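Student: I would like to go through this model term by term. Please set each value against its definition.

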Amino acid sequence: MFENRLDLSELHQALNRVKEDIGQTLVGQHTMVDLLLTALLANGHVLIEGLPGVAKTLTAKLLSSVIAAKFSRIQFTPDLMPSDVLGTSVFNPQTTQFEFRQGAIFANMVLIDEINRAPAKTQSALFEVMEERQITMDGKTYPMDTPFMVLATQNPIEQEGTYRLPEAQLDRFLFKITVGYPSFSEEIEILNRLHQRPQNSPPALSPVLDPTSLTRYRQYIQQIHVQEDFLRYIAQIVHQTRHHPALYLGASPRASLAILAGAKAYAAVQGRDFITPDDVKFISPHVLVHRLVLTPEKEMEGLALQQVINQILQSVEVPR
């Protein structure tokens with residue numbers, strides 16, 4: 001038992017209600033929901049990877065429905081242009097001037113479906129907006145409203161008509177969440193719900209969070225207690241990725257910041273005002289897996305990045 005020095009009761013009640021509301025439609029996938037809420041509190045973007053039909057898009061839409069904010073969905077295709085995402089300047093004959101028409105990216109929560117289906121030119125349009133929460137068009141800067149979060153999905157199996165995401169873009173995602181198949185009992189529950197639901201329509205969800213409350217909760221995250229030896233622990237984990245013999249590309253300092261922010265937010269999701277080694281161990285794989293690159297030799301041998309990350313986490317001494 002422990003007693004928080006920071007009152008997180010309001011935050012915890014709101015998150016529990018969000019989980020309950022999402023659970024009315026979504027069966028299982030508790031880890032994915034926890035990570036999405038963690039990323040929301042940590043002000044980060046999320047890449048969701050999984051096979052078709054495992055509720056990637058559904059979960060993103062459910063999360064957006066419990067937040068009183070503007071939602072936008074962009075279906076990435078090979079012919080999508082940067083102007084379709086960011087916007088473009090249109091000539092107004094009445095004023096004889098060009099006016100900027102905002103693209104689909106101008107929303108609080110943006111779902112990018114099948115992000116790896118757009119070519120590099122369109123992918124690069126996301127670099128500035130994901131990192132700096134703004135776009136620059138015709139020499140003028142347009143800031144995004146707060147909150148701003150990108151949820152992107154991709155299919156890891158289908159390769160035809162897809163483009164590899166640049167490392168610079170992958171590095172801008174706080175987490176990469178891999179979604180697997182439901183368990184046998186969960187699949188039975190999915191069938192039961194579909195069978196009993198009238199007209200196969202999911203229940204309507206009411207907003208639980210709004211931009212004002214979310215901003216206040218994010219301020220709580222900044223006050224989560226972190227001991228100095230935990231900072232060293234995080235730095236050692238990331239440092240090991242740069243010297244591991246199986247890795248061609250290690251993690252940058254942005255990964256260290258992501259682990260720290262993610263661990264603090266995840267601790268708050270769990271109802272604590274301090275982080276533990278388990279928080280760091282839970283968050284680290286989701287922060288690192290899309291930032292690391294195996295050497296060609298190890299990739300040919302079939303070594304998985306998750307195995308390397310587990311080796312690193314086991315080799316670094318845990319603070320007491």
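This is a predicted model: local features need pLDDT of at least 70, side-chain atom pairs count only at pLDDT 80 or more; totals for chains, interfaces and linings use all residues.

Tutor: Residues are numbered from 1 along each chain as its sequence is written, and side-chain values use heavy atoms, with hydrogens and water left out.

Student: What makes strand 1 and strand 9 a pair?

Tutor: Two strands pair if DSSP finds at least two bridges between them. Strand 1 (residues 46-50) has five bridges to strand 9, in the parallel sense, so the pair meets that rule. Strands themselves are DSSP runs of E with at least two residues, helices are runs of H or I with at least four, and both are numbered from the N terminus.

Student: How many bridges join strand 1 to strand 8?

Tutor: Four, and these strands also run parallel. Glu49 has Gln154 as its bridge partner in strand 8.

Student: Why are strand 2 and strand 9 called edges?

Tutor: The open sheet has five strands in the order 2-5-8-1-9, with parallel pairing. Strand 2 (71-75) and strand 9 (175-179) have a single partner strand each, so one side of each lacks a neighbour in the sheet. Neighbouring strands are turned by 20° against each other on average, direction ignored.

Student: What packs on the sheet?

Tutor: Helix 2 (residues 30-41) does, touching strand 1, strand 5 (109-113), strand 8 (149-154) and strand 9. Contact means heavy atoms within 4.5 Å. The direction of helix 2 makes about 165° with that of strand 9. Axes are lines fitted to C-alpha atoms, for helices over the stretch in contact, and angles run from 0 to 180 degrees between N-to-C directions.

Student: Why does His45 count as buried?

Tutor: Buried means under 20% relative accessible area, exposed means over 50%, and partly exposed lies in between (1.4 Å probe, protein chains only). His45 has 1% relative accessibility, so it counts as buried. This residue sits in the loop between helix 2 and strand 1. Beyond neighbours within four places in sequence, the contacts of His45 include Met130, Phe148 and Phe175.

Student: Asn155: buried or exposed?

Tutor: Buried, because its relative accessibility is 6%. Asn155 lies in the loop between strand 8 and helix 7. Gly50 and Glu114 are among its contacts beyond four places in sequence.

Student: Why is Ile188 called partly exposed?

Tutor: Its relative accessible area is 38%, so Ile188 falls in the partly exposed class. Ile188 is in helix 8 (residues 184-196).

Student: How many residues of strand 1 are buried?

Tutor: Five of its five. Val46, Ile48 and Gly50 point one way, Leu47 and Glu49 the other. In strand 9, four of five residues are buried.

Student: What residues make up the lining of the largest pocket?

Tutor: Eleven are nonpolar, nine polar and five charged. Asp, Glu, Lys and Arg count as charged; Ala, Val, Leu, Ile, Met, Phe, Trp, Tyr, Cys and Pro as nonpolar; the others, Gly among them, as polar.
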